[in-house]
Amino acid sequence: MGRLLTTLFFALFSATVLAAPPPFADIHLHFKWDQKEIISAEEVVEKLAANNVVLATVSGMPPKLALELTQAGGEWILPFFSPYKDAIHRNHWFTDETVLSDAEEALASGQYKGIGEVHIWSSFGPRRDNAVFVGLLDLAQKYRVPFLIHTEASSHIFFAEICQAHPQVKFLWAHAGSHLKPDAVEELMAQCPNVWVEVSARDPWRYDTLVDEQKQLLPGWRELFIKYQNRFMTGTDPVWNVRRGQTWDQADEGWNHYDMLLAFHRQWLKQLPPEVEAKIRLHNAKRFLLGEK
């Protein structure tokens, strides 16, 4: 009887292990005040654990909410300092000089492991020479932390001037430049070796530039992932109200869609050679964020 129970135990254990998806590094998470209206930090951690996410970065709005998620989950969730104090401040943060003193205090405390997500728009601001924006870049260099940047522009040249002007800053480029195609991303990566690229929240909810209707990688992406296989990562960016046309008056239900978002990324990753898939899914993030070899 004892041998039978032992056999059943190991069979059940093996089935559980085999059923678990491979470990994943989600390097683009948010935990915002309007998400907290729907889900708690503890429930977010449960979702991550259920999806075998073993490493993550999170931006909070206000910034302290990133720390709340880390406290609920552990040191494998790395909090980034966000310059956005609230939804209104998000639109004019670059005019507020207290952002720099707040960022300095946050980074000096050792609690925050990066800066971002910072949005910079080619037509709406901030300018590339804005004092608050440049000050954040200087802090990223001073404290040797990653800078998660979202550049919304029709050309990679807009970002190229930033990464070339700040070669000591370790950039993480959100959404592979949003609407850009592989050739533009490749040119930027060739120009700026200090830029790593993440491929969060693209299709089929926002940008429609990564996969086709059959969820197959569009021409150029597979080749680019293979060529720069050591500098790509991905994440889910569980923000949902942007999909509905900036309906900021409603609570953000992004975490309700987390399983779907992560499943999408696991699906396109499987189209890559196994060693490339493993790097983008996990190992590059360990090198980039933790300094592992």
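Helices (H or I, at least four residues) and strands (E, at least two) are DSSP runs, which I number from the N terminus. With that settled, I looked up Pro62 and found it in the loop between strand 2 (53-61) and helix 4 (64-73). The peptide bond that joins Met61 and Pro62 is cis, with omega about 0°.

Ground rules for these notes: this is a predicted model, where local features need pLDDT of at least 70 and side-chain atom pairs count only at pLDDT 80 or more, while totals for chains, interfaces and linings use all residues. Residues are numbered from 1 along each chain as its sequence is written, and side-chain values use heavy atoms, with hydrogens and water left out.

I noted another cis peptide bond, from Gly116 to Glu117, with omega near 5°. Glu117 sits in strand 4 (residues 114-121).

Next I checked phi. His175 is not a glycine, yet its phi is positive, about 60°. Ser178, also a residue other than glycine, has a positive phi near 70°. I place His175 in the loop between strand 6 and helix 8 (182-191), and Ser178 lies in the loop between strand 6 and helix 8 too.

Are they buried or exposed? For the cut-offs, buried means under 20% relative accessible area, exposed over 50%, and partly exposed in between (1.4 Å probe, protein chains only). His175 counts as buried because its relative accessibility is 1%. Ser178 is buried as well, because its relative accessible area is 0%.

**Entry: the cores**

A nonpolar core here is a set of buried Ala, Val, Leu, Ile, Met, Phe, Trp, Tyr and Cys residues joined through side-chain atoms within 4.5 Å. The largest one has 77 residues, and those with the most contacts inside it are Phe147, Phe171, Val185, Phe225, Phe232 and Trp268. There is a second, separate core of 14 residues, which includes Leu148, Leu172, Met233 and Phe288.

Not counting residues up to four places away in sequence, Val185 touches Trp173, Ala176, Leu180, Val197, Trp221, Leu224 and Phe232.

Leu172 is in strand 6, and it counts as buried because its relative accessibility is 0%. Leaving aside neighbours within four places in sequence, its contacts include Ile27, Phe147, Leu148, Trp196, Met233 and Phe288. Leu172 and His28 are 144 residues apart in sequence, with C-alpha atoms 9.9 Å apart in space.

**Entry: His166**

I found His166 in the loop between helix 7 (157-165) and strand 6 (171-173). Its relative accessible area is 13%, so it is buried. Leaving aside neighbours within four places in sequence, His166 is in contact with Val134, Leu137, Asp138, Phe171 and Asn194.

**Entry: helix 10**

Helix 10 (residues 258-269) has 12 residues and reaches 17 Å from first C-alpha to last, close to the 16 Å expected at 1.5 Å a residue. The expected span is 1.5 Å times one less than the number of residues. Its buried residues are Tyr258, Leu261, Leu262, Phe264, His265, Arg266, Trp268 and Leu269. What covers them includes strand 1 (24-32), helix 3 (41-50), strand 2, helix 9 (221-227) and helix 11.

Not counting residues up to four places away in sequence, Phe264 touches Asp203, Pro204, Trp205, Leu210 and Val211.

**Entry: helix 11**

Helix 11 (residues 274-290) has 17 residues and reaches 22 Å from first C-alpha to last, close to the 24 Å expected at 1.5 Å a residue. Where does helix 11 bend? The bend is at Ile280, by about 55°; that is the angle between axes fitted to the seven residues ending there and the seven starting there. Among the buried residues of helix 11 are Val276, Glu277, Ile280, Arg281, Asn284 and Phe288. Just after helix 11, Gly291 takes a positive phi of about 75°.

Definitions and conventions: Contact means heavy atoms within 4.5 Å.
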